[in-house]
Amino acid sequence: MSHENSKLDSTLQEQILTVTRCGLSAGEATDFFRLALGLCYLATLMTKETLDFKKLDKAFNRFIYRSIGPGHSITSILQWMSGEGVVAVLDSKRFTRAFGEYLPHVPVESIPFLLGLNLGVAKDFSGLDVRGPVADWIERQRIMREGA
């Protein structure tokens, strides 16, 4: 992720909302928002800078609340991203196209890596087995890349 948009500034917020508006229903738009925001959050972590997680999470949580309302947080979004529900969004050509077009500083090719990072963190925190639909999706992407 390029340094210029590594923080949740107004430009990045608008880009995430633009991806959100590509969803065709309220549910799909919410899922587009959650995945786009979660990927941007994870990409933000890819820095050598020392991060103030309390400040970072507060900014993301404030944006989440203003955008999709109560009941969501960066933690719940990251948890959702490690579950089966995210796979339909990952397989959506409309999401992939919008994400690539409106959030070019987080390369579409980095999505499997970022999801793997998220699964690794989830495993470290919960101790749960992370095998499942998301890990299977990541593996399919690896096989497709190697076959290309």
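A salt bridge is counted here when a side-chain nitrogen of Lys or Arg lies within 4 Å of a carboxyl oxygen of Asp or Glu. By that rule, a search of the whole structure finds 6 salt bridges. The structure is a predicted model, in which local features need pLDDT of at least 70 and side-chain atom pairs count only at pLDDT 80 or more, while totals for chains, interfaces and linings use all residues. Residues are numbered from 1 along each chain as its sequence is written, and side-chain values use heavy atoms, with hydrogens and water left out.

Helices are DSSP runs (H or I, at least four residues), numbered from the N terminus. Helix α1 spans residues 10-20, and its buried residues are Leu12, Gln13, Gln15, Ile16, Thr18, Val19 and Thr20. Buried means under 20% relative accessible area, exposed means over 50%, and partly exposed is in between, with a 1.4 Å probe and protein chains only. The buried residues of α1 pack against α2 (26-44), α3 and α6 (93-102), where contact means heavy atoms within 4.5 Å.

Arginine 21 lies in the loop between α1 and α2. Its relative accessibility is 54%, so arginine 21 counts as exposed. Arginine 21 forms a salt bridge with glutamate 14, with the closest N and O atoms 2.5 Å apart. Glutamate 14 counts as partly exposed because its relative accessibility is 39%.

Another salt bridge joins the side chains of glutamate 28 and arginine 94, at 2.4 Å from N to O. Glutamate 28 is in helix α2 and arginine 94 in helix α6, so this pair ties together parts that are 66 residues apart in sequence. Glutamate 28 is partly exposed, with a relative accessible area of 22%, and arginine 94 is partly exposed at 27%.

In helix α8 (residues 133-147), arginine 142 and glutamate 146 are 4 residues apart, so about one helical turn separates them. Their side chains meet in a salt bridge (2.7 Å, N to O). Arginine 142 is partly exposed at 30% relative accessibility, whereas glutamate 146 is exposed at 57%. Glu139, Arg142 and Glu146 are linked in a network of salt bridges.

On the surface, Lys54, Lys58, Arg62 and Arg66 gather in a patch of positive charge. Such a patch is made of residues with over 30% relative accessible area and no salt bridge, like charges being joined within 9 Å. Arginine 66 is found in helix α3 (residues 53-68), and arginine 66 counts as exposed because its relative accessibility is 53%.

Definitions and conventions:
Patches are made of residues with over 30% relative accessible area and no salt bridge: like charges are joined within 9 Å, nonpolar side chains (Val, Leu, Ile, Met, Phe, Trp, Tyr) within 5 Å. Accessible areas come from the Shrake-Rupley method with a 1.4 Å probe; for residues, only the protein chains shown count as cover. Lys and Arg count as positive and Asp and Glu as negative; His and the chain ends are not counted. The place of a charge is taken as NZ of Lys, CZ of Arg, CG of Asp or CD of Glu. Helices (H or I, at least four residues) and strands (E, at least two) are DSSP runs, numbered from the N terminus.
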